[in-house]
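Here is a short report on one model. It covers the fold, the charged pairs and the surface.

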Amino acid sequence: MTTRRPRPSLGALVFFTVTLSLSAYFTFAAVQGDFGLFRRAEIAVEGDRLERELQELRAEVARMENLTHRLSDEFLDLDLLDQQARDVLGLMRSDEIVVQ
C-alpha cells in the first residue's frame with residue numbers, strides 16, 4: 001500500500017513566493033536604499049570630510065583675521081605692511097638681491 005501525500009495547494013505556494021519576494025525587497029532596501037546601511041556609511045565619511053574642511057576654513061579665517069588686525073589702525077605691523085606693499089607693487093630695496 002502506498003500512501004499519497006497531498007500536494008501543497010496553490011495558495012500556499014503563492015503565499016511563500018510573495019513572502020520571499022517581500023523579504024528580499026525589504027532586505028535589499030535596508031542595505032542599498034536611500035536610508036540603507038551603505039548610504040549611512042557614505043554619509044559618515046562625507047561628514048568626516050566636511051568636518052576636516054570646516055577646521056581648515058576656520059584656521060584660514062583665523063589667519064586672515066590676524067593679518068587684518070595687524071594691518072588695522074590700532075595695531076600697525078610695519079614688516080607686514082612692507083611685505084604687502086612689495087607684493088602688490090612689485091618693488092624692492094636697492095640693497096636686496098633678486099634670485100629668479
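How many salt bridges does the structure hold? The structure holds five. A salt bridge here is a side-chain nitrogen of Lys or Arg within 4 Å of a carboxyl oxygen of Asp or Glu.

## Basis

This is a predicted model, in which local features need pLDDT of at least 70, side-chain atom pairs count only at pLDDT 80 or more, and totals for chains, interfaces and linings use all residues. Residues are numbered from 1 along each chain as its sequence is written, and side-chain values use heavy atoms, with hydrogens and water left out.

## Overall form

The protein has three helices and zero strands. Its pattern along the sequence is α-α-α. The radius of gyration is 36 Å, well over the 13 Å that the globule rule gives for 100 residues, so the protein is more spread out than a compact globule. That radius is taken over C-alpha atoms, and the rule is 2.2 Å times the number of residues to the power 0.38. The C-alpha trace spans about 120 × 35 × 20 Å along its principal axes. Helices (H or I, at least four residues) and strands (E, at least two) are DSSP runs, numbered from the N terminus.

Of the 100 residues, 5% count as buried. Buried means under 20% relative accessible area, exposed over 50%, and partly exposed in between (1.4 Å probe, protein chains only). The accessible surface comes to about 9800 Å². Carbon and sulfur atoms hold 62% of that surface. Areas come from the Shrake-Rupley method with a 1.4 Å probe; for residues, only the protein chains shown count as cover.

## Charged pairs

Side chains of opposite charge can pair when their charged atoms come close. In helix α2, Arg63 and Glu60 lie three residues apart, about one turn of the helix. They form a salt bridge, with the closest N and O atoms 3.0 Å apart. Arg63 is partly exposed at 44% relative accessible area. Glu60 is partly exposed too, at 37%.

Asp77 sits in the loop between α2 (37-70) and α3. Its side chain meets that of Arg70 in a salt bridge (2.6 Å, N to O). Asp77 counts as buried because its relative accessible area is 18%. Arg70, at 23%, is partly exposed. The Asp77 side chain also reaches the backbone nitrogen of Asp79 at 3.3 Å.

## Arg86 in helix α3

Arg86 belongs to helix α3 (residues 78-89). Why does Arg86 count as buried? Arg86 counts as buried because its relative accessibility is 18%. Its salt-bridge partner is Asp82, at 2.9 Å from N to O. Asp82 is partly exposed, with a relative accessible area of 34%.

Setting aside residues up to four places away in sequence, Arg86 touches Leu91, Met92, Arg93 and Glu96. Contact means heavy atoms within 4.5 Å.

## Nonpolar surface

Which residues form a nonpolar patch on the surface? Leu10, Leu13, Val14, Val18, Leu22, Tyr25 and Phe26 do, with about 740 Å² of accessible area together. Patches are made of residues with over 30% relative accessible area and no salt bridge; like charges are joined within 9 Å, nonpolar side chains (Val, Leu, Ile, Met, Phe, Trp, Tyr) within 5 Å.

Val14 is one of the patch residues. Its place is in helix α1 (residues 10-32). At 46% relative accessibility, Val14 is partly exposed.

Methods. A polar contact is a pair of N or O atoms within 3.5 Å; within protein, one must be able to donate a hydrogen and the other to accept it, and residues adjacent in sequence count only if both atoms are side-chain atoms.
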